[in-house]
Amino acid sequence: VRKEAMEPSLSVKGLLAPSRGLTQESQNPENVFHIREVRDKLREIVGASTNWRDHVKAMEERKLLHSFLAKSQKGLPPRTMKDSYIEVFLPLGSQPELREKYLTVQNTMSPLSIVTALVDKIDMCKKNLSPEQDIKFSGHVSWVGKTSMEVKMHMFQLHGNDFSPVLDATFVMVARDSENKGPAFVNPLILESPEEEELFQQGELNKGRRVAFSSTSLLKMAPTAEERTTIHEMFLNTLDPKTISFRSRVLPANSVWMENSKLKSLDICHPQERNIFNRIFGGFLMRKAYELGWATACNFGGSRPFIVAVDDIMFQKPVEVGSLLFLSAQVCFTQGNYIQVRVHSEVASLQDKEHMTTNVFHFTFMSEKEVPLVFPRTYGESMLYLDGQRHFKSMSAPVTLKRNYVVEP
């Protein structure tokens, strides 16, 4: 079977079409591209090789591009939000042969294979996706700093004659130099309407939230007074009333020790999963983490869960081809039907046994029935519990401007 026949036949509408604006209306059919054409264009832009064996030579050639980098952001021409707007179509309805590539075991669609970047937030608007209806993705830049930008992505599925929203996502992209060794400047953003100004303001709010969340991390600061009280009360609820000892612990009814909610996996990172920069594709890492997180939630809750939100995923270190990928998933917080799962990702090269953290994933699942409470036994597990609680609360009370704008052309 030829490789071309195995790849998904997606098409792109209005690729970088500045005159179209941020709209959900159909674009000119003449502006439809096959996904392989888009990938080839990206490879052409970044100077990446299509052959794994040639990547070392290609990276050496990229060193010559240093002289073309802007010395400051002022040296780059401004861009508008419309300049970055694109639409991608996955024609599941008209091309049923594509469905098996995206089907889950529940005969629904998995939207997470598309993800690659720093993931600030992914919210699901619908429980399940139909495997028989076309899917449309749209995205555009909504905020820029000096070397980074925020990108909004929306996913829709065809129902009748209209596309209905099923997923909203926010990514933070960082510009790097030609050798991927340091930051590079991005184009400034021109705001053309009050609606775009509010989208930009939302990006500022998101940046402030990320900074605040990082500054109060439990790896840097002690828990709040309310959180300390929560942990102490949970500790008292697990003491054996028959003894007067802090060491005698018993589980309350309908509860599980946190240490008993773990699942682990190991993958070898082959060249087939590389991106155009010849590192392991971020979407592959996230799909593996999601699958392990889903299995953990399923095993814990006793029923098939569905994803509600994905929160705060930073790709801290690139994963090289040939690495051993170790994933460890653990339920760290539960409430009602909700299960908060933390997946820790680390890699080790084949040459040494040193493990390095690459990602920490946070998934919020909902079970079909109420799930047991999870109780920590150690101080470290207590910090995981509080961190999971914070991410869960972040999901249920997001920072927002309360309005979603569509910028018409």
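Two rings of Phe, Tyr or Trp (for Trp, the six-membered ring) make a pair if their centres lie within 6.5 Å; planes under 30 degrees apart count as stacked, over 60 as edge-to-face, and the rest as tilted. By that rule, this structure has nine aromatic pairs. One of them joins F361 and F363, which are stacked, with 6.1 Å from centre to centre and 5° between the planes. Both rings belong to a cluster made up of Y290, F361, F363 and F365.

Before going further, a word on what you're looking at. This is a predicted model, where local features need pLDDT of at least 70 and side-chain atom pairs count only at pLDDT 80 or more, while totals for chains, interfaces and linings use all residues. Residues are numbered from 1 along each chain as its sequence is written, and side-chain values use heavy atoms, leaving out hydrogens and water.

A charge sits over a ring if NZ of Lys or CZ of Arg is within 6 Å of the ring centre and within 35 degrees of the ring normal. K136 has its charged end over the ring of F163, 4.8 Å from the centre. R377 does likewise with W257, at 4.4 Å from the ring centre.

Now take R390, which is part of helix α8, residues 379-396 (helices are DSSP runs of H or I, at least four residues, numbered from the N terminus). R390 counts as buried because its relative accessible area is 16%. Its side chain makes a polar contact of 2.8 Å with that of E227 (a pair of N or O atoms within 3.5 Å, one able to donate a hydrogen and the other to accept it; residues adjacent in sequence count only if both atoms are side-chain atoms). Leaving aside residues up to four places away in sequence, R390 touches F213, T216, S217, L218, P223, T224 and E227, contact meaning heavy atoms within 4.5 Å.

The pLDDT, the predictor's confidence in each residue from 0 to 100, averages 79 over the protein, and 77% of the residues score at least 70. Over residues 24-32 it is below 50, and it stays under 50 over residues 397-409.

Methods: Helices (H or I, at least four residues) and strands (E, at least two) are DSSP runs, numbered from the N terminus. Buried means under 20% relative accessible area, exposed over 50%, partly exposed in between (1.4 Å probe, protein chains only).
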